[in-house]
Amino acid sequence: MQPEKILLKGYLQKKADGKYHIIASTSATDRQGEVIDQNGWDLQNLMANPIALYGHDYGTDTLPIGKYENIVVTSAGLEMDLIFSSNDFAQQIKACFDEGVLNAFSVGFMVKERNGSLITKAELLEVSAVKVPANPQALMVMRGMKNLDDKIRLDIEKAATDAKGAIADQLSAE
């Protein structure tokens, strides 16, 4: 039996240095009713080839949109920085993010171990910019915060991150 590939949503924030900091995955329950233990990520293959895709497109005719740096698992989830490529396709995608038309990312991975709806170990294959993610939670938070003062937005993001961490701790204790 072939392992299942699953896609899950995250969010991004443009940094002063022009990189885009993203949370590609959190411990939130996705639309399939599943939760990923963020400490169960196998990042080895992504770190060896940290390309960014659009729409989980593995085709040979589509260029990558960029590459990832600073790939880490934190209390907030799976985080990394995206540097967009200079190719025309990547610049079109970047413009959509800058205009607020796109604002979601999704992980493509292979489940290695699970306990019911909790995915305890998974191999991260890639992270894609997407139109519609599997987990809409972070997207809604970021949409609602778009026009807020930076300090207020950061305070809300910290509170949301702390709450997610507490929920993840509670789930792992069960």
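**View 1. R114 and its partner E34.** R114 comes out as partly exposed at 33% relative accessibility (buried means under 20% relative accessible area, exposed over 50%, partly exposed in between, with a 1.4 Å probe and protein chains only). R114 makes a salt bridge with E34, with the closest N and O atoms 2.9 Å apart (the cut-off: a side-chain nitrogen of Lys or Arg within 4 Å of a carboxyl oxygen of Asp or Glu). E34 sits in the loop between β2 (20-25) and β3 (35-36) and R114 in strand β8 (residues 104-115), so this pair ties together parts 80 residues apart in sequence. E34 itself counts as buried, at 12%.

This is a predicted model, where local features need pLDDT of at least 70, side-chain atom pairs count only at pLDDT 80 or more, and totals for chains, interfaces and linings use all residues. Residues are numbered from 1 along each chain as its sequence is written, and side-chain values use heavy atoms, leaving out hydrogens and water.

**View 2. E123 meets K112.** Here the two side chains form a salt bridge at 3.5 Å, N to O. E123 belongs to strand β9 (residues 118-130) and K112 to β8, so the pair links parts 11 residues apart in sequence. E123 is buried at 15%, while K112 is partly exposed at 49%.

**View 3. The β6-β7 hairpin.** Strands β6 (residues 66-74) and β7 (residues 77-84) pair antiparallel over 7 bridges, with 2 residues between them. V72 has E79 in β7 as its bridge partner. Strands are DSSP E runs of at least two residues, helices H or I runs of at least four, numbered from the N terminus; strands pair if DSSP finds at least two bridges between them.
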